[in-house]
Amino acid sequence: MDFCFIPHVVDTSLPDANYAQAALADVNNDGHLEYIVGQQYGDIFWYKVNGPDAWTRHLLGRDSPSDVGGIALDVDGDGWMDFVTGGAWYRNSRSEGEPFTRMIFDPELTGVHDILAADINGDGRVEVLTMSDQNDLRWYAIPEDPTSPWPVTHVWEAVHAGISVGDINGSGHLDIVRTDIWLENVTGDGIAWIAHAIGPNSPPPADFRPYFAFDATHNVVLDMNGNGFNDIVFTDAEIPGGKVWWVENTDGTGDAWRRRCIYLRDPATEPRRGAYHSLYCGDIDGDGDIDVLSCEMEAVGGEAPPRWYVWENVDGKGLEWREHVILDANLGGHATVVGDITGNGLLDVVSKPWRAQPTNAVGGKTYICFLENVSSG
């Protein structure tokens, strides 16, 4: 398939900051997706999409306690999407001109890197999982009155980044992947956990070893080869020269893994790439199998200008991949989100930098870049 995306730089007027906390959700209940993005420990914004080149920015809330993580979730069950960050959630104001109301659910929880929602205790309701190397891996139950403190269950020690959930061993319970291990939800109630090895992620290169470069991935649990067993897809999220790969759950127990390469640089023929601090896995080309999308960062850059990629699952089993560059415009991507924004049935892509670099294509400004999917098959 030929992937065809039209790039639109929809905002270059954001205040200078580190940006993450990205999500797509129907914020205003108009039946369309809106884009949410927030500053590290700062303001959170949402964008109404009036057309591919016409996005209107609104203030969602202030004083986010989150480092990177943020998710859209209907916390209070009123049918309107709220927003959850590290230790706080923002109740939807139901008015485009009015910021959301900030609610604290844990005043001690700050610096969250990863956050997601899943029914981790099997009670039929979603819980909120968070992780950061500034705290630990934990989950919160949302009480009947979500304005009160949320009960917390501590799961395991943290690494810098990389959690996802899925049933690894076929027990019917949601387990947790934490970059280098998976944690078995022993009784299904999220209380007792057993760690199992997955295999190593990439060590940071000798010339780039800040604390956050170690044990930092993005990962997704899914059945890549269609054999009924859940596998795991990974990107190296915080190091230049990182890899993209998946590990095959060979017998469905989660104790025997085979590593499968999606992208591995050939140092003899191509420059070192920037960090892949984004990961989307889904059927991007509409052929029924799982493709993979990521972007190179600006802030943890490579030896050439950053690009955005789709790796096409050619054989449908994850054993043969074809790389497609979907943006080559000297604009990096970080915490990239994917969804049908235009309503044409195709998956669009939105991203922005963590921290804009002076040499980027918009003169060092922070930007929102929207890739409109117009592929014809």
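Which residue does the side chain of Asp43 meet in a salt bridge? I looked it up and found Arg62, at 2.9 Å from N to O.

**Entry 1: ground rules.** I am working with a predicted model, where local features need pLDDT of at least 70, side-chain atom pairs count only at pLDDT 80 or more, and totals for chains, interfaces and linings use all residues. Residues are numbered from 1 along each chain as its sequence is written, and side-chain values use heavy atoms, with hydrogens and water left out.

**Entry 2: the whole chain.** I counted 0 helices and 28 strands in the chain. Both are DSSP runs numbered from the N terminus: helices are H or I with at least four residues, strands are E with at least two. The C-alpha atoms fill a box of roughly 55 × 50 × 40 Å along the principal axes. Next I checked the radius of gyration, taken over C-alpha atoms, against the globule rule of 2.2 Å times the number of residues to the power 0.38. For 377 residues, a compact globule would come near 21 Å; the chain has 20 Å, which agrees. Buried residues make up 56% of the 377 residues. Buried means under 20% relative accessible area, exposed means over 50%, and partly exposed lies in between (1.4 Å probe, protein chains only).

**Entry 3: back to the salt bridges.** I noted the general idea: side chains of opposite charge can pair when their charged atoms come close. The rule here asks for a side-chain nitrogen of Lys or Arg within 4 Å of a carboxyl oxygen of Asp or Glu. By this rule I get 15 salt bridges.

Asp43 is buried, at 17% relative accessible area. Arg62 is partly exposed, at 48%.

Which residue forms a salt bridge with Glu248? I found Arg260, with the closest N and O atoms 2.9 Å apart. Glu248 lies in strand E20 (residues 244-249) and Arg260 in strand E21 (residues 257-263), so the pair ties together parts 12 residues apart in sequence. Glu248 is buried at 9%, while Arg260 is partly exposed at 24%.

I also looked at Glu270 and Arg273, whose closest N and O atoms are 3.3 Å apart in a salt bridge. Both Glu270 and Arg273 are buried. Then I found a network: Asp106, Asp136 and Arg138 are joined by salt bridges that share partners.

**Entry 4: charges over rings.** Arg273 turned up again. It lies over the face of Tyr263, 3.9 Å from the ring centre. I also saw the charged end of Arg259 over the ring of Trp245, 4.1 Å from its centre. The test wants NZ of Lys or CZ of Arg within 6 Å of the ring centre and within 35 degrees of the ring normal.

**Entry 5: rings with rings.** I listed 14 aromatic pairs. Rings of Phe, Tyr and Trp (its six-membered ring) pair if their centres lie within 6.5 Å; planes under 30 degrees apart are stacked, over 60 edge-to-face, and the rest tilted. Tyr309 and Trp311 form a stacked pair, 5.4 Å centre to centre with 15° between the planes. Tyr309 is buried at 0% relative accessible area, and Trp311 is buried at 1%. I also marked one aromatic cluster of Tyr35, Tyr47, Trp55 and Phe370.

**Entry 6: two sheets.** Strands pair here if DSSP finds at least two bridges between them. I traced an open sheet of 4 strands in the order E1-E28-E27-E26, with antiparallel pairing. Strand E1 (5-11) and strand E26 (334-339) are its edges, each pairing on one side only. E26 and strand E27 (residues 348-352) pair over 4 bridges. His334 has Lys352 in E27 as its bridge partner.

Another open sheet of 4 strands runs E6-E7-E8-E9, also with antiparallel pairing. Which strands stand at its edges? They are E6 and strand E9 (101-104); each has a single partner strand, so one side of each is left without a neighbour in the sheet. Strand E8 (residues 88-91) and E9 pair over 4 bridges. Arg91 stands opposite Thr101 in E9.
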